[in-house]
Number of protein chains: 2
Amino acid sequence: MKPANKRSWVLKQRPASVPTRADVDIIESPVPETPDNHLLIATSYFSLDPAIRGWMSDTPSYLPPIGLGEPIRATVAGTVVESRSPDFTAGDRVYGMSGWETLCTAPADYFSKIPEDSPFPDHYYLSILGAVGLTPYFGLLSAGDIKSGQTLLMSAAAGAVGSIGGQIAKIKGLRVVGLAGSDEKCQWVTEELGFDDCLNYKTCGDLEAAIRRACPEGVDVFFDNVGGETLDAALMNLNKDATVVFCGSISSYNSSEPVPGPYNWWQVLARSVTVKGYLISDYLTRFGEGQAQLTQWLQADQLTFKEHIVDGFDHCLEAYNLLFEGKNNGKLMVKV
Amino acid sequence: MKPANKRSWVLKQRPASVPTRADVDIIESPVPETPDNHLLIATSYFSLDPAIRGWMSDTPSYLPPIGLGEPIRATVAGTVVESRSPDFTAGDRVYGMSGWETLCTAPADYFSKIPEDSPFPDHYYLSILGAVGLTPYFGLLSAGDIKSGQTLLMSAAAGAVGSIGGQIAKIKGLRVVGLAGSDEKCQWVTEELGFDDCLNYKTCGDLEAAIRRACPEGVDVFFDNVGGETLDAALMNLNKDATVVFCGSISSYNSSEPVPGPYNWWQVLARSVTVKGYLISDYLTRFGEGQAQLTQWLQADQLTFKEHIVDGFDHCLEAYNLLFEGKNNGKLMVKV
């Protein structure tokens, strides 16, 4: 039975900093007819990612900005209510790109089916078997081309991507040093996840010197989710021919002023560094391969991960801002 | 006959900006005994390169800073006066890394022999058959991995490296657009060297928009000798999966303040760009291959290049600063 109305979080104006209730709003509207090759999906979970903040701005990026009045773009999971695509039927569990809405109308090719025999709940496909697991998987194995014996420096090590990434690198035989913002986070990644070391960047003093002590043989691969001073400190510790996987820059997302690139930019040349701008969407055709390997590691109990699920459609905005306060504890999602 | 004394340009203090006579000085000193595995070389030409300015500072780089009181480091050409190496004999013509001195005592393995049958004068081995030709050769063919049909944007297009690089890219079938600082330079690279277009960055107005007009299909490879605003304008015109060959950053060499990286740093991620920090010294073992190809192109009259040779050891400093005034006209060298 197709519901008559849906509720949506929409963008009212472009945020100057951390998004507020003046920037986004909840509206109720009729559910439109489902066009050919589209799906109507009853959403079960939304993914809350730093990247969404970028799409709220009008800086040119890898996806167009969210239009004013349009739903907040996000990856979502849910169940097909109505299918006008030959590839899906009502009742299929799916995940893909749409928005913060109770019901989404979306092109069928934006969505993938959750295998019928999958033992995993919907939200796994927004976390460990979605971008959270696949981002570090391809970022390290393809973009970063990691090798056993190397040293990996992982920023935002207790974050969703960083914590999985460090574990993948440990499975692959690297020395892994993390950066995180509290002693509790550092303790979690070293004691629970098996990182070799983790620095609390808020209390370690001179970060560049602290990284040097923790990485006595230098850094071969830096996985950057953060940018800013963290990137600058990392650059001064890179080995010759090192790789920077440039995956994100959360330190700059809420700035309304132009943010400069790293002050230690020269080190990219001086150390023959390769910087790889890295987008998980470039690996779409290889998602199956990544999910198969991650499933195997999950079933062998080799990966630990945390999900932070906030209950209730109405709480999307306050949940979202936990990201910028560093207060989420694991991959952040909303249960609709 | 071994001379008793030599003259040397030495570093007195680290320059705050463009080097002045307060920073460097000429001294006369006795020629030391030549140690085992070293050469004493009577220099014929010095190479004057932007990189020297970096070595005058104490910023960590790919070579240690020039020590205070030490000769200004440079590539030089000359003739062996005394050899204590089995690989060289007095009278050999050579080129390699030493300093601005009338006579250099240097490890033999810092030098290469000019082939006895070479029809080319010494200074060719500091220009087209030295770093000036080899830098764009490996920078484009290896680091940049250029392909026929791509668009190359070349900064400092009328400079020594840029002008050769653009011609190599034309031989390889690319569309080549240059950036230069005067209409005369632009005219030279388009009319004499065969670049498809060249923008005068001083008069073109909005550089980002001008590049967009000149590269309607976007930029696949940006060869960066300049950094700063030029790099920022280039980043906004890169195609997805483009490459930036980071070869130099002359816009920042004389700054005494920390210089930020590109403000459009985010575009590296948003466009899945690869930035390659590029040092010609990483290709030392392949110099023979590069020289053979460049010689073939020279003999087939496919490469045009300019040398700007200043006469007289005493004029090194004023000659050097022509680089920062943009007043050199071709590869800058001093004839001793």
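Visitor: How do the axes of helix 2 and helix 3 of chain B cross?
Guide: This is a predicted model. In it, the axes of helix 2 and helix 3 (residues 160-171) of chain B come within 8 Å and cross at roughly 50°. The two helices of chain B are therefore oblique to each other.

Visitor: Which hand does the crossing of helix 2 and helix 3 of chain B have?
Guide: Right-handed.

Visitor: And which residues meet there?
Guide: From helix 2 of chain B, the contacts include B:Val132, B:Gly133, B:Pro136 and B:Leu140. On the helix 3 side of chain B, B:Ala160, B:Ile164 and B:Ile168 are among them.

Visitor: Is helix 2 of chain B mostly covered or mostly open?
Guide: Mostly covered. In helix 2 of chain B, 11 of 13 residues are buried. Among them are B:Leu134, B:Phe138 and B:Ala143.

Visitor: What does helix 2 of chain B span, end to end?
Guide: Only 15 Å between the end C-alpha atoms of helix 2 (residues 131-143) of chain B. A straight helix of 13 residues would span 18 Å.

Visitor: What about B:Asp145, after helix 2 of chain B?
Guide: The phi of B:Asp145 is positive, near 50°.

Visitor: Switching topic. How many residues are in the largest nonpolar core?
Guide: The largest nonpolar core has 203 residues. A:Phe46 and B:Phe46 have the most contacts inside it.

Visitor: What does B:Phe46 touch?
Guide: Leaving out residues up to four places away in sequence, B:Phe46 touches B:Ala74, B:Val76, B:Trp100, B:Cys316, B:Met333, B:Val334 and B:Val336.

Conventions. Residues numbered from 1 in each chain as written. Chains lettered and ligands numbered in written order. Predicted model: local features only at pLDDT ≥ 70, side-chain atom pairs only at ≥ 80, totals over all residues. Core = buried A, V, L, I, M, F, W, Y, C linked by C-beta atoms within 7 Å. Buried ≥ 20, exposed ≤ 12 C-beta atoms within 10 Å, placed from the backbone. Contact = placed C-beta atoms within 7 Å. Helix = DSSP H or I, 4+ residues; strand = E, 2+ residues; numbered from the N terminus. Expected span 1.5 Å × (residues − 1). Axes fitted to C-alpha atoms, helices over the stretch in contact; angles between N-to-C directions. Parallel < 35°, antiparallel > 145°, perpendicular 65-115°, else oblique. Left-handed = near helix turned anticlockwise from the far one by under 90°.
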